[in-house]
Amino acid sequence: MKNKEIASRFNEIADILELRGENRFRINAYRRGARSVESLQRPIEEIAAEGALGDIPGIGKDLEAKIDEYLEVGSISFLEELRDETHQVLLDMLRIPGIGPKTAVLLYEELKLESLADLKRAALDHRIQGLPKMKAKTEENILKGIEFLERAQGRTPIGEAYPLAERIISALDELPHVTKISPAGSLRRFRETIGDIDILATSRKPGDVIEHFTHLDVVERVLAEGKTKGSVITTEGIQVDLRVVAEASYGAALNYFTGSKEHNIRLREIAIKKKMKLNEYGLFKKSRKGAEKRIAGKTEEEVYKTLGFPYIPPEIREDTGEIEAAREGTLPDLVEMKDIRGDLHFHSNWSDGTSSLTELAVAGKAAGYRYLIVSDHSKSLHIAHGLSEDRLREQMDEIDRINKRLSGFKLLKGSEVDILPDGSLDLSDDVLEQLDIVIVAIHSQFKMKRDAMTARVITALQNPYANILAHPTGRLLGSRDAYEIDMSAVIDAAAETDTAIEINAHPMRLDLNAATARMTAEAGVMISIGTDAHNPALEMRYMRYGVYTARRGWLSKEQILNTKTVTQLLRSLHHKRKQM
Ligand code: DGT
Ligand code: CA
Ligand code: CA
């Protein structure tokens with residue numbers, strides 16, 4: 001139904017009229033019309049078909065004609081004209097949450113704005129807070145609003161997009177007539193950032209599913225609403241596309257809308273070579289009479305099988321060798337969440353975490369793990385209350401006491417030791433020797449030159465106690481680039497010194513990324529997955545982002561440290577100490 005679309009267009013007309021300082025009555029008529037259309041209990045199309053638009057409170061002849069026009073041609077010419085006559089930056093400002101027409105005009109005139117970039121600069125330079133009625137708080141809200149818009153147009157970290165998609169999917173799954181529902185697109189492939197969320201469902205009442213979808217609480221704005229397809233922007237500014245397809249096409253559609261586009265193109269070419277046709281409706285073959293017959297489409301497995309392939313997992317559908325591997329029967333057996341026996345990067349309240357050692361043990365056991373490392377920061381990281389050698393020894397005693405009371409689960413004694421600028425480690429070897437596992441990482445002087453940075457890390461890996469290099473490039477998604485470092489030299493050094501490299505599972509890090517993780521494992525280096533959780537209740541669940549990054553990097557469980565049992569794990573790590 002088009003109620004929300006029409007209401008939002010009436011509001012936009014009112015906003016533009018207000019920008020132009022038009023008659024209050026006229027402006028209010030559109031606002032009242034918008035409210036009244038929005039609160040209708042049934043599709044406005046139905047009311048229009050009954051010829052009863054005029055009965056809606058607040059809808060006079062003028063607005064009725066505009067509703068008819070929108071239902072007929074999908075736009076309102078009056079609004080189009082208003083948009084044409086208004087400076088783009090004013091229209092853009094109206095889309096920023098918290099900026100109304102009056103503020104927009106004031107900012108436009110006072111700051112001589114040409115674009116939103118001008119507005120952002122003005123806010124960052126604090127040139128807004130001096131203007132009439134503008135406070136520091138307004139400035140802050142404007143910046144937040146611009147960021148919201150940028151996000152709506154840009155990419156969202158998977159850590160934000162995935163839980164949102166899960167909430168939407170479980171809400172729709174409650175509808176009794178929704179039979180199948182799944183994420184698709186980059187979300188299903190677990191890319192680290194998501195352009196928009198794609199969801200695919202089957203139902204015998206597609207229209208009902210779309211209607212339910214566009215009315216969910218998380219929906220801020222409806223972009224499109226058809227019989228089998230809906231598109232919305234959520235309150236967080238993220239676009240979500242939902243498509244409802246027939247059962248017979250579900251597998252083909254899931255395959256098509258999961259992508260990647262590059263993978264799809266390869267599959268379609270293969271189909272053509274086999275005198276078949278693959279599209280979102282199915283896999284078809286032409287009969288001798290020329291009629292097309294669907295020979296697969298209900299499930300993805302069926303589509304791949306009919307093309308002569310084994311099932312290719314979504315995470316590696318990027319046309320980076322998976323088609324060839326499938327053909328040769330050399331697809332990797334990808335690691336799964338259930339293979340993970342423990343978390344190998346974790347902080348307690350001894351440094352900058354929120355929880356006690358006992359709470360960590362409880363959380364680890366509850367997550368079904370066999371072990372969990374305690375890897376607090378070392379002394380030179382003052383802001384994180386890094387532990388001195390003495391404090392670390394005390395912590396180890398405490399861990400021993402706790403472990404005595406546990407069965408089937410173990411806290412491992414670890415540390416996330418700072419790599420100092422000269423490549424030496426922040427704790428002395430005699431305390432490192434007493435630890436089960438030593439993680440090394442960079443937390444300072446990120447701006448070193450590439451050669452110096454590479455040498456610094458390689459020196460650290462040569463320490464016989466260094467077991468795992470954590471978040472090796474230091475990148476923070478969307479806020480800090482990787483530091484200058486020669487990763488292939490680091491990978492070689494890790495292979496030589498028998499040191500593992502981490503996939504940090506924190507969704508703002510995902511460092512190593514999938515492509516580098518694949519390179520690393522190919523060089524024979526073990527991969528360790530750690531959540532870097534500081535708060536178990538919120539962050540332990542980040543493990544899946546690490547595991548799915550590993551899957552995107554083609555990794556199998558044999559290449560991952562934390563699929564081992566405690567005994568295997570410690571034996572393999574302590575090998576290095578004996579050798580060097
Ligand atoms: P995103 O949203 O930018 O993170 O990336 P995707 O992969 O989710 O891309 P999206 O949302 O534009 O489209 C979803 C899927 O639909 C995409 O992965 C493959 C399929 N698709 C979209 N456009 C095309 C196209 O032009 N050709 C083919 N073969 N497939 C397409
Ligand atoms: Ca998408
Ligand atoms: Ca999409």
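**View 1. Domains 2 and 3 both line ligand 1.** Domain 2 (156-245) and domain 3 (261-328) each give at least three residues to the shell around ligand 1. The domain bounds come from an automatic or database domain assignment. This is a predicted model: local features need pLDDT of at least 70, side-chain atom pairs count only at pLDDT 80 or more, and totals for chains, interfaces and linings use all residues. Residues are numbered from 1 along each chain as its sequence is written, chains are lettered from A and ligands numbered from 1 in the order in which they are written, and side-chain values use heavy atoms, with hydrogens and water left out.

**View 2. The shell around ligand 1.** Around ligand 1 stand 15 residues, and Arg-155, Ser-186, Gly-195, Asp-196 and Arg-268 come nearest. A residue is near a molecule if one of its heavy atoms lies within 4 Å of it. The shell holds three nonpolar, six polar and six charged residues. Here Ala, Val, Leu, Ile, Met, Phe, Trp, Tyr, Cys and Pro count as nonpolar, Asp, Glu, Lys and Arg as charged, and the others, Gly among them, as polar. At least two shell residues come from each of α11 (185-188), α13 (250-258) and α14 (261-273). Helices (H or I, at least four residues) and strands (E, at least two) are DSSP runs, numbered from the N terminus.

**View 3. Polar contacts of ligand 1.** A polar contact is a pair of N or O atoms within 3.5 Å. The side chain of Arg-155 places an N or O atom 2.8 Å from an oxygen atom of ligand 1. For Asp-196, a polar side-chain atom lies 2.9 Å from a ligand 1 oxygen atom. Asn-264 has a side-chain N or O atom 3.5 Å from a nitrogen atom of ligand 1. On its own, ligand 1 has 600 Å² of accessible area, and the protein covers 72% of this (Shrake-Rupley method, 1.4 Å probe).

**View 4. The calcium ion (ligand 3).** Its protein donors are Asp-196 (OD), Asp-196 (OD), Asp-198 (OD) and Asp-241 (OD), at 2.4 to 2.8 Å. Donors are N, O and S atoms within 2.8 Å of the metal (3.2 Å for Na, K and Ca); water is not among the atoms, so sites may look incomplete. The donor residues follow the spacing D-x1-D-x42-D. Asp-196 also coordinates the calcium ion (ligand 2), 3.8 Å from ligand 3.

**View 5. Asp-198 and Asp-241.** Asp-198 sits in strand β4 (residues 197-203) and Asp-241 in strand β7 (residues 239-245), so the pair ties together parts 43 residues apart in sequence.

Definitions and conventions:
Polar contact = N/O pair within 3.5 Å; in protein donor to acceptor, adjacent residues only side chain to side chain.
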